[in-house]
Amino acid sequence: MKSELNELAAFAMVARERSFTRAASKLGVSQSALSHTIRGLEQRLDLRLLARTTKSVAPTAAGVALLQEVSPALEQIAQALDSARSVRHRPAGRLRIVMSRSAAVMVLLPRLAAFAEAYPEIVLDVVTVTGPVDLVAGEFDAGIQLGEYIQKDMVAMPVTPDLRLAVVGSPRYFASRAIPQKPADLNDHRCITLRLPGGPYRWEFQRGRKSVTIGVNGPLVIDDTHLVIEAALAGAGLGMAYEEQVAGHIAKRRLVRVLEDWTPPIPGFFLYYPNRRHQPAALAALVNALRIR
């Protein structure tokens, strides 16, 4: 198929230019190579397509008929290739991106207005999930995820500084309960559990060299940290969320933070994508927009 397309494109160029010399120059090949190509096409079709003299070249009746048939198709192919090349160089098109709702709120939304203004021809098609995702299997262009969950064969770029988790409860909840002083005290508290694809999240703590993991229990298991915060605000129990998500509630004393010295910084969110040789311009624009300045 590739050979036949090359031959037809060569024939169309010679027929339009009425010259092997000019056609060979435009195609970037030698005249002898071009003549060989045309002869091969004529032999395969068992048709004389070009009438040649020492001074001129013109399509035969069969050549004119073939040219009328193939010219629109060759033009469509040329336009399609030009469009494909433009995607590589012009930030445009649809990007399928997967991330958690927390990542969408903390990373994407604060920069979305400026990105949309700068790149009006890019459409971000965002899917929110809980837990890691296989980008290739899911046919996603990129994802935003905590660094510890990203596959080793991905290109990854930090899009937030380090994060900290915070354990919080409402003043109403603590009105009749003691403040936990160490992770083990959580066994005596109602805790709101975050559900991950592998099961409920076990709360992880560290102070110095000591690490503790607690399988908390409580009245609610849910798959979104924003709903965890709402449940904690309502007094349903203790919740764990990112420090940035609850900082405003703590400042206004709607939530009380506990075990702060047991929650050290962890690697933050990363934009990640497959290691491609030819990166689309739209993805390159997103990478630049989310890069930490």
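Analyst: Helices (H or I, at least four residues) and strands (E, at least two) are DSSP runs, numbered from the N terminus. The model is predicted, with local features requiring pLDDT of at least 70 and side-chain atom pairs pLDDT 80 or more, while totals for chains, interfaces and linings use all residues. Residues are numbered from 1 along each chain as its sequence is written, and side-chain values use heavy atoms, without hydrogens and water.

User: Which elements supply at least two residues each to the lining of the largest pocket?

Analyst: They are α5 (101-118), β5 (142-146), β8 (192-196), β10 (203-207) and β13 (239-242). The largest contribution, 4 residues, comes from β10. In total 32 residues line this pocket, with Leu-146, Tyr-149, Leu-165, Tyr-201 and Tyr-242 nearest its centre. The lining holds 17 nonpolar, 10 polar and 5 charged residues (nonpolar: Ala, Val, Leu, Ile, Met, Phe, Trp, Tyr, Cys and Pro; charged: Asp, Glu, Lys and Arg; polar: the others, Gly among them). The space in the pocket is about 680 Å³.

User: What makes a space a cavity and not a pocket?

Analyst: On a 1 Å grid over the protein atoms alone, a 1.4 Å probe fits in a cavity but cannot get out, whereas a pocket is an open set with protein on both sides within 12 Å along at least five of seven lines; lining residues have an atom within 4 Å of a point.

User: Why is α8 called roughly parallel to α9?

Analyst: The axes (lines fitted to C-alpha atoms over the stretch in contact, with angles from 0 to 180 degrees between N-to-C directions) of α8 (residues 225-233) and α9 (residues 243-251) cross at roughly 20° and come within 11 Å. Angles under 35 degrees count as roughly parallel, over 145 as roughly antiparallel, 65 to 115 as roughly perpendicular and the rest as oblique; α8 is therefore roughly parallel to α9. Thr-225, His-226, Ile-229 and Leu-233 of α8 make the contact (heavy atoms within 4.5 Å) with Gln-245, Val-246 and His-249 of α9.

User: How do you know how α5 is oriented relative to α10?

Analyst: The α5 axis and that of α10 (residues 281-290) cross at roughly 115° and come within 10 Å. The pair is therefore classed as roughly perpendicular. Val-107, Arg-111 and Phe-115 of α5 meet Ala-285, Leu-286, Ala-289 and Leu-290 of α10. This contact has 6 nonpolar, no polar and 1 charged residues.

Key
Points joined across faces, edges and corners; volume = space filled by probe spheres on them.
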